[in-house]
Amino acid sequence: MPERTCLGCRSILPKSSLVRLAMDGEGRLRPDPSGRLGGRGAYICPDEACLKAALKKNAFHRALRSVPCVPAADALWEEIKGQARPAKA
C-alpha cells in the first residue's frame, strides 16, 4: 500500500487516509479528491491543524516544487471539507 507524508505533522500514513492537494490550471492550490489533477501532489491529514501547520511552514511550496496561489487557511479548509475525501491508493 503506497504511503505518503503529511506536510503538517510529518506522519507517514497510507495514501488512502490522506487528502491530496494539487495546483489547478491557474496555479491555485486545491483539494484533489479524485487524484486527477496533473503534476505533483501534496498530502495532509484530514485535520485542520495539519493544514495550518503546513501553510505556516510553506510546505506546499517545497512539496509542489512551485509557488502555488494559496487561499486563506479557513477558505481552503472549507473547500477541503466540502470536496475532499481521502485519496484512493
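With a relative accessibility of 8%, Tyr-43 counts as buried (buried is under 20% relative accessible area, exposed over 50% and partly exposed in between, using a 1.4 Å probe and protein chains only). You'll find Tyr-43 in strand E5, which spans residues 41-44. Strands (E, at least two residues) and helices (H or I, at least four) are DSSP runs, numbered from the N terminus. Tyr-43 and Ile-12 sit 31 residues apart in sequence, with 10 Å between their C-alpha atoms.

A quick word on what we're looking at: this is a predicted model, where local features need pLDDT of at least 70 and side-chain atom pairs count only at pLDDT 80 or more, while totals for chains, interfaces and linings use all residues. Residues are numbered from 1 along each chain as its sequence is written, and side-chain values use heavy atoms, leaving out hydrogens and water.

Now for the inside. In soluble globular proteins, nonpolar side chains tend to be buried together. Here the largest nonpolar core has 20 residues (such a core is a set of buried Ala, Val, Leu, Ile, Met, Phe, Trp, Tyr and Cys residues joined through side-chain atoms within 4.5 Å). Leu-7, Leu-21, Ile-44, Leu-51, Phe-60 and Ile-80 have the most contacts inside this core. Strand E3 (19-23), strand E5, and helices H1, H2 (59-64) and H3 each supply at least two of its residues, and H2 gives the largest share, four residues.

Setting aside neighbours within four places in sequence, Leu-7 is in contact (heavy atoms within 4.5 Å) with Ala-42, Tyr-43, Ile-44, Ala-54, Lys-57, Ala-59, Phe-60 and Ala-63. So Tyr-43, the buried residue we started from, turns up again among the partners of Leu-7.

Next, the helix pair. H1 (residues 48-56) and H3 (residues 73-83) pack at about 135 degrees, with their axes 10 Å apart; the axes are lines fitted to C-alpha atoms over the stretch in contact, and angles run from 0 to 180 degrees between N-to-C directions. That angle makes H1 oblique to H3, since under 35 degrees is roughly parallel, over 145 roughly antiparallel, 65 to 115 roughly perpendicular and the rest oblique.

Who touches whom? Glu-48, Leu-51, Lys-52 and Leu-55 from H1 meet Ala-73, Asp-74, Leu-76, Trp-77 and Ile-80 from H3. By class, this contact has six nonpolar, no polar and three charged residues. (Ala, Val, Leu, Ile, Met, Phe, Trp, Tyr, Cys and Pro count as nonpolar, Asp, Glu, Lys and Arg as charged, and the others, Gly among them, as polar.) Two of these residues, Leu-51 and Ile-80, are also on the list of those with the most core contacts. Glu-48 is partly exposed at 28% relative accessibility, and beyond neighbours within four places in sequence, Glu-48 is in contact with Asp-74 and Trp-77.

Finally, the loops. Arg-10, between strand E1 (3-5) and strand E2 (12-14), has a positive phi of about 65 degrees despite not being a glycine, and is exposed, with a relative accessible area of 51%. Arg-65, in the loop between H2 and H3, also has a positive phi, near 55 degrees, and counts as exposed at 66% relative accessibility. Ser-34 lies between strand E4 (29-31) and E5 and is partly exposed at 44%.
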